[in-house]
Amino acid sequence: MGRSVQDSTLIGISRRTVLKAGAAAAAVTALPFAAPSVLRAQTPPVVKIGILQPVTGALAHDGDLGRAGAEMAINEINAAGGIKSLGGATLEMLFGDARSTPEAGTQEVERMQAEGVSAIVGGFASPICLAASQAAARYELPYLVDVGVSDQIMARGLTNTFRFSPGFGKVTQVALDNLTAINDKAGKPARTVVLVHEDGLFGSGLAKLLQSELPKRGFEILETIAHPTPARDMSNVALRIRSLNPDLVIPSNYYGEFVLLARTMQQQRIKPKGIYAILGGAASNGRFVKEFPQAAQNVIDCNHWHDPKNPKALALRKAVEGQGKSFAYNVSLNYSNVLLLADAIERAGSSDRKKIIEALNASTFAGHIMPYGPTKFVNGQNEGATPINTQIQGEDIKVIFPDAFAEAKANFPAA
């Protein structure tokens, strides 16, 4: 039998319907593949950076302050639109606890490497920075030293390692120049010195430099006293200082040991003409001033410190103290290092490690809050970095030297 017209029409309609339906289905099927492309275009990429700090163990207080400074810088950068040359890429912090030991710091670097960070900032203590930067060098992973002052860190010629702040060679030179100027201005009341230092990489290296340089400037070193970190008692050290009766005590140690020494000297009524710290662990730390104001009074320090006339620095300090934290140089240095790194990534237009290293080498970054001027790296060391002198006066830490940054005059001699 032949087909009717109606049958033919239905068949035609069915075919057209099927073809349209097929086309629609194909379009729908294609959508899931197209949609992520749209989403990726709208979502800014992420650049992972490692923040390494000792937040457990003997150095936990310092590590916590370093982490706070880094976090504030990351939040500020992301809130301002991220890395604009990368389409507004946000910085993502991958945090590692160095647990106050070089071995733990190295383990954290290995983990950060495996998780794809573009660079690492931090370490705090010289032994941690030394080991962690060496581990990072195996992967050409940029490493920015936040505080570690041992000049061994930069003497190895590692092309991945950068130090924004000064090392103890530069700090010692400036500290002795400033001490001489302060002493001369006061009529040269100080002549004899006792050195007290922690027996690790930082303290021993600094003591060796001071033993060489102080006599050249007319100071007599009566004795050099080393102690371990951590130390539980400073009674014998204080008794020895009492028997020697120096004009100056120059300590170089970490927070806990510095506080212990100052408190023990106060309790034993040992009053030299001055305590002149060089990279003193507590002498530029608000916690020391708040918790032990009598022991802290008139302590002078030559150390890392922010520019007290920089509004951005003052706002940072206010924000940190508003969180109930004490303020110290660790905050400013980690804050500035993260800003420096972000500037390098911005100029590199890439999260590639080699390109970031190239950008750091060419850096002239001046958007930090330290009293340095523009950044200039030579073999990884920022040649513009310099320490300044502070003194604990009343309930605050004041810059007393050089005059360009001074907020107050030195109270010297103090006794």
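Predicted model: local features only at pLDDT ≥ 70, side-chain atom pairs only at ≥ 80, totals over all residues.

Residues are numbered from 1 along each chain as its sequence is written, and side-chain values use heavy atoms, leaving out hydrogens and water.

**Two helix pairs**

Two packed helices are described by the angle between their axes and the distance between the axes. Axes here are lines fitted to C-alpha atoms, for helices over the stretch in contact, with angles from 0 to 180 degrees between N-to-C directions. Helices (H or I, at least four residues) and strands (E, at least two) are DSSP runs, numbered from the N terminus.

| Pair | Angle | Axis distance |
|---|---|---|
| H6 and H7 | about 45 degrees | 10 Å |
| H12 and H13 | about 120 degrees | 11 Å |

The angle makes H6 oblique to H7; under 35 degrees counts as roughly parallel, over 145 as roughly antiparallel, 65 to 115 as roughly perpendicular and the rest as oblique. H6 passes H7 in a right-handed crossing, meaning that the near helix is turned clockwise from the far one by less than a right angle. On the H6 side, Phe-168, Gly-169, Thr-172 and Leu-176 make the contact (heavy atoms within 4.5 Å). Their partners in H7 include Leu-201, Phe-202, Gly-205 and Glu-213.

H12 and H13 are oblique to each other as well, and H12 passes H13 in a right-handed crossing. Lys-312, Leu-316 and Val-320 of H12 meet Val-331, Ser-332, Tyr-335 and Leu-339 of H13.

**The buried side of H14**

Helix H14 spans residues 353-361, and Arg-353, Ile-356, Ile-357, Ala-359 and Leu-360 are buried there, that is, under 20% relative accessible area with a 1.4 Å probe, protein chains only. They sit on the same side of H14 because they cover an arc of only 165 degrees around the axis, taken from the directions from the helix axis to the C-beta atoms. They pack against helices H3 and H13 and strands E4, E5 and E11.

**A histidine in a loop**

Where is His-306? His-306 lies in the loop between strand E10 and helix H12. At 2% relative accessibility, His-306 counts as buried. Not counting residues up to four places away in sequence, His-306 touches Ala-313, Arg-317 and Ser-332, among others.

Conventions:
Buried < 20%, exposed > 50% of the residue type's maximum accessible area, 1.4 Å probe, protein only.
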